[in-house]
Amino acid sequence: MTLAIEVRDLTRRFGSFTAVDSISVDVAVGEVFGFLGANGAGKTTAIKVLIGLLAPSSGSARVAGFDVLTQSEEVRKRIGYMSQRFSLYDDLTPRENITLYGGIYGLADAEIRARGDAMLNDLGIMHVADKLVSTLPLGWKQKLSFSVAMLHRPDVVFLDEPTGGVDPVTRRQFWEMIYAAAARGTTVFVTTHYMDEAEYCDRLSIMVDGRIAAMGTPAALKAEFGVSSIDEVFVRLARPATATAG
Amino acid sequence: MRAPERIQALAAFVIKEMRHILRDRQTLTILLLLPLAQVVLFGFAIRTDVNDIRLAIVDAAPDDATLALRARFTGNGRFRIVATAATVDVLEPLFRRGEADVALVIAPGLARALADGTPARLQLITDASNPNTGTTMQTYAGAVIRTWQAALPGARQGVTIEPQVRMLFNPTLESVNLFVPGLIALVLTLVTAQMTAISLSREKERGTLEILLVSPLRPWQIILGKVAPYLLLAFANVVTALVAAWVVFRVPFRGSLLLLLAASTLYALVGLALGVLIAARTESQRTAMMGSMIGTMLPSTLLSGMIFPIASLPWPLQLVSNIVPARWFIVIVRGIMLKGAGVVHLWQELLVLTVMFTVLLAVAIRSFRARLA
């Protein structure tokens, strides 16, 4: 098994607070990995370490075959990232956003145009290619945002709550896009609060208080806890945490 | 990433920045018109006072000569006679109530003195509580008297004018000429420090900065890409301010334009670095705006010598003024514009700005990297 993400005893502290407490995760190439946890469990901190926005306090992490701390430049070239906050520029058009990111990732002009056109066609938003992004509906923006994060064909893409606030139909379409990306060999590392989405993942982990409390395929997790849905697994694991954290 | 790709990435980023700026038409228009509006407004705010000088005349013994002199003031459009009295006692209350700007005191027997060729005494008292206008008003009054004197029959030069400035707050000459350099500094501060801080903190607030930091762009590329378009805008502003100052007020330009533009670029870079630093240290656009207001605009206005001469500040503020970039820049611009000073005269100020830029840039890039630590 080739690993796209390799996390070993990763810890990140802020002063005396340990946000991520010695976690270890392996994600295989082409896998759709769900990274679950209640608010404040440490998901976003962990993702920030993996994409190089935060340095680990101890432990190590390799993404796309490179160490996130010592080879961050190599990592950056090979990853895509879509934050829970919206990633595109509102006062630019979809095409201008595409040109910007293509340029930043060093794609040739012809390539940017070809991939951009293909993307806009696939999304069915060619007719608004030159309208400001701020005028588009949220669902379109989210899908466009994901496609732009995939523009340079990254080995690994990190999606931090990508479907927040969009309608069920768009969420389904969004997940179809995620599967298509995984089928092309891109590893998808995704956080979500929608438990139905968690069921779509190949494998998932559930973080509680900075630690990984459970990890496995959705089916295995449900069997382990003897419940019928991931939602129940999540509530069981997260409840003691919320009780102690107040 | 190879060098051409780095340049391509930077170019893509600069183009994006330009689009942001060009698309926000309202802000752009304000920024472009700002130097013009400021030069004209500030300039006229000073000038209007000088065009309506309230004159009090003390004429103890009116005669032909005193009436002729008084007529000179009445006929001159700049002066308005608010009081005519026989004794100087009236002056003190007039000045205290702020009802007169200048007083002309004519000693008795002016006509006889002129006829005899004996010295005649005229006293000018000016209220210089507004240092910007006091000297100018005194100069105008002096000019009227000299015109009157020159028109006297024969070569009677026996008149002595005795100027007296009543409240000596600021003996240095402050006029629109001295204001324009300050305005250039102010506009540059606004466009560089404040606009960079706002635009960068907007990226931070919207979360797009994270995306940029995760991309192969390096911190210096993000910073350079952010500031390059504003540098262009700053250039346009300096030229606008200079042209406006010359067209509207005939403010002289005696030195090298090239040196001025070079110094402005240096000052703009200081402002840009400051803006980046403010954005790196603040969490929202609003805080960044307040921060740049208090951290750059206020000191640039109040502690730079633009309005209040440094020498008239209390000593703790004089010390603080040393770290205000505008204080040094204004000396440079005044030197170049009004005295025709060159690098030889201004190297110290230029050096101070260079050091400031280097330090600020280093700290700014560090605060950017600090996110990764």
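1. Let us start with one serine in chain B. Leaving aside neighbours within four places in sequence, Ser321(B) is in contact with Leu303(B), Ile310(B), Arg327(B) and Trp328(B). You can find Ser321(B) in helix α12 of chain B, which covers residues 315-321. Is this serine buried or exposed? Ser321(B) counts as buried, at 0% relative accessibility. Please keep in mind throughout that this is a predicted model.

2. Ser199(B) sits in helix α7 of chain B, residues 176-206. Its relative accessible area is 3%, and buried means under 20%, so Ser199(B) is buried. Which residues does Ser199(B) touch, if those up to four places away in sequence are not counted? They are Glu17(B), Lys226(B) and Tyr230(B).

3. Now step back to chain B as a whole. Chain B has 14 helices and 5 strands. Of its 373 residues, 52% are buried. Its accessible surface comes to about 17000 Å², and carbon and sulfur atoms account for 66% of that area.

4. Domain 1 is made of two stretches, 3-44 and 175-370, while domain 2 takes in 52-165. How far apart are the C-alpha centres of domain 1 and domain 2 of chain B? They lie 46 Å apart. As for contacts in chain B between residues at least 6 apart in sequence, 80% of them join residues at least 24 apart.

5. Along the principal axes, the C-alpha atoms of chain A fill a box of roughly 50 × 40 × 35 Å.

6. Of its 246 residues, 56% count as buried. The chain exposes about 10000 Å², with 51% supplied by carbon and sulfur atoms. Among contacts between residues at least 6 apart in sequence, 67% join residues at least 24 apart.

7. One helix of chain A deserves a visit. Why is helix α3 of chain A, residues 94-104, described as largely enclosed by the rest of the structure? Because 9 of its 11 residues are buried. Among them are Pro94(A), Glu96(A), Leu100(A), Tyr101(A) and Ile104(A). What covers the buried residues of α3(A) comes from both chains: it includes α4 (109-123) and α5 (138-149) of chain A, together with α1 (3-23) and α8 (208-214) of chain B. After α3(A) comes Gly106(A), whose phi is positive, near 75°.

8. Finally, look at an arginine in a strand. Arg13(A) belongs to strand β1 of chain A, residues 3-14. With a relative accessible area of 40%, Arg13(A) is partly exposed. Not counting residues up to four places away in sequence, Arg13(A) touches Thr18(A), Ala19(A), Ser57(A) and Ser58(A). As an exercise with the viewer, consider Arg13(A) and Gln142(A), which are 129 residues apart along the chain. What separates their C-alpha atoms is 32 Å.

Methods. Residues numbered from 1 in each chain as written. Chains lettered and ligands numbered in written order. Predicted model: local features only at pLDDT ≥ 70, side-chain atom pairs only at ≥ 80, totals over all residues. Heavy atoms only, no water. Buried < 20%, exposed > 50% of the residue type's maximum accessible area, 1.4 Å probe, protein only. Contact = heavy atoms within 4.5 Å. Areas by Shrake-Rupley, 256 points an atom, 1.4 Å probe, with all protein chains shown as cover. Domains from an automatic or database assignment. Helix = DSSP H or I, 4+ residues; strand = E, 2+ residues; numbered from the N terminus.
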